[in-house]
Amino acid sequence: MNMKNVMVVFGGCSPEHDISKESARAVMGALGKYNVVPVYITRAGKWLLYDGKLGSNIQGIDWERFGTPAILSPDRVNRGLLRIVGDKVKTIPIDVALPVLHGPNGEDGTIQGLCELAGIPYVGCGVAASSIAMDKSAARLIAKALKIPQADFLFFDKSEIKADKKAVLRKIRYKLGYPCFVKPNAGGSSIGITKVSDRKELIEALETAMTFSNRVIVEKAVEGREIEVGILGAGHTAQASIPGEIIADGEFYDYEAKYEKPASQTIVPTDLSDEVVEKLQAYALEIFRAIDGRGLSRVDFFVTADGKILFNEINTVPGFTKISMYAKVWEASGISRQELIDRLIELAVDNE
């Protein structure tokens with residue numbers, strides 16, 4: 001039996017570029033039974049194929065320096081990656097694409113759409129599900145339609161804020177109050193998110209969020225435990241993991257707390273009651289199925305002191321770094337990182 005060629009796509013133009021590289025290293029370390037085709041996308045958007053040996057020193061590879069220009073062919077008949085050396089082009093067949101691109105152009109349906117055009121099976125959610133999950137306001141409106149509890153929220157287009165900022169500030173003050181969270185509508189890894197306590201901070205936070213997204217979402221601050229649930233599978237065969245808990249070394253689990261503060265903790269399993277765990281899993285599966293999710297997702301919640309569950313967001317390309325929750329909750333649920341990635345690849349092939 002021939003080994004499958006698995007194209008791991010990572011890096012990208014997103015603010016989450018560095019996190020993507022860390023996730024990709026962890027993923028490639030668990031792909032021993034496949035031919036790994038590492039494709040690094042530079043911050044400028046250039047595609048580079050690294051065709052050297054990965055070996056044990058995967059952390060030390062300079063992807064850009066030793067990469068060869070390559071592009072994914074949209075030709076379904078001769079599908080694959082086109083490796084370009086001078087005026088010579090070689091097609092490298094690709095059996096499965098594994099996007100490990102966080103943020104814009106990675107988990108918003110764009111790379112997924114490219115794979116669809118190329119006729120290449122890929123790991124993870126489809127175009128529509130990816131786009132919906134990345135759009136925080138859309139995901140929250142779906143959760144609202146499903147009657148899944150969540151914190152009060154408002155969203156504003158950049159043009160609306162610029163046209164009448166005072167009206168936007170008044171609406172936030174009277175409908176949500178302080179403190180509240182201001183977030184880019186399309187983003188991840190808590191980049192561009194600010195907790196605000198007054199009007200001045202709110203103005204600054206809106207400006208920050210608008211640098212990352214054309215729409216801004218503002219949410220009423222919630223005091224509660226940060227709980228995450230992993231999803232694996234598709235449709236009604238999808239499974240939910242046991243939950244994990246985030247203990248942030250900071251006021252909230254922002255980028256710095258996630259990746260730069262070693263005191264931040266992930267706790268798996270949690271000490272939540274069986275009733276709360278079952279409800280978390282049910283809500284996670286419900287939102288995943290509602291967006292027509294496939295493959296994998298991580299669904300984030302808050303659990304308040306009185307046991308109330310509030311939906312926060314769904315992430316269709318969760319991190320795979322050594323501190324990321326997705327692999328941890330599945331390991332605690334009895335599925336190793338190796339087996340998890342094998343299953344994700346099988347799901348992609350079965351969906352072809």
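Axes here are lines fitted to C-alpha atoms, for helices over the stretch in contact, and angles run from 0 to 180 degrees between N-to-C directions. Helices (H or I, at least four residues) and strands (E, at least two) are DSSP runs, numbered from the N terminus.

## The model

This is a predicted model: local features need pLDDT of at least 70, side-chain atom pairs count only at pLDDT 80 or more, and totals for chains, interfaces and linings use all residues. Residues are numbered from 1 along each chain as its sequence is written, and side-chain values use heavy atoms, with hydrogens and water left out.

## Helices H6 and H7

H6 and H7 pack at an angle of about 115 degrees. Their axes are 11 Å apart.

Which residues of H6 and H7 make the contact? H6 gives Lys165, Lys166, Val168, Leu169 and Ile172. H7 gives Arg199, Leu202, Ile203, Leu206 and Glu207. Contact means heavy atoms within 4.5 Å. By class, six of these residues are nonpolar, none polar and four charged. Ala, Val, Leu, Ile, Met, Phe, Trp, Tyr, Cys and Pro count as nonpolar, Asp, Glu, Lys and Arg as charged, and the others, Gly among them, as polar.

## The sheet beside them

Strands of a sheet pair through backbone hydrogen bonds, either parallel or antiparallel. Here four strands form an open sheet, in the order E8-E11-E9-E10, with antiparallel pairing. Two strands pair if DSSP finds at least two bridges between them. The edge strands are E8 (153-157) and E10 (194-196), each pairing on one side only. From one strand to the next, the twist averages 25 degrees.

Three bridges join E9 (residues 180-184) to E10. In E10, Val196 is the bridge partner of Cys180. Helix H7 (residues 199-210) packs on the sheet and touches E9, E10 and E11. The direction of H7 makes about 20 degrees with that of E9. Helix H6 (residues 165-175) lies across E8, E9 and E11 (215-220), running at about 170 degrees to E8.

## Helices H3 and H4

The axes of H3 (residues 127-134) and H4 (residues 136-145) come within 5 Å and cross at roughly 95 degrees. H3 and H4 are therefore roughly perpendicular to each other (65 to 115 degrees; under 35 is roughly parallel, over 145 roughly antiparallel, the rest oblique). Ile132, Ala133 and Met134 of H3 meet Lys136, Ala138, Ala139 and Ile142 of H4.

## A salt bridge

Lys136 also forms a salt bridge with Glu313 (a side-chain nitrogen of Lys or Arg within 4 Å of a carboxyl oxygen of Asp or Glu). Their closest N and O atoms are 3.7 Å apart. Glu313 sits in strand E17 (residues 309-315) and Lys136 in helix H4, 177 residues apart.
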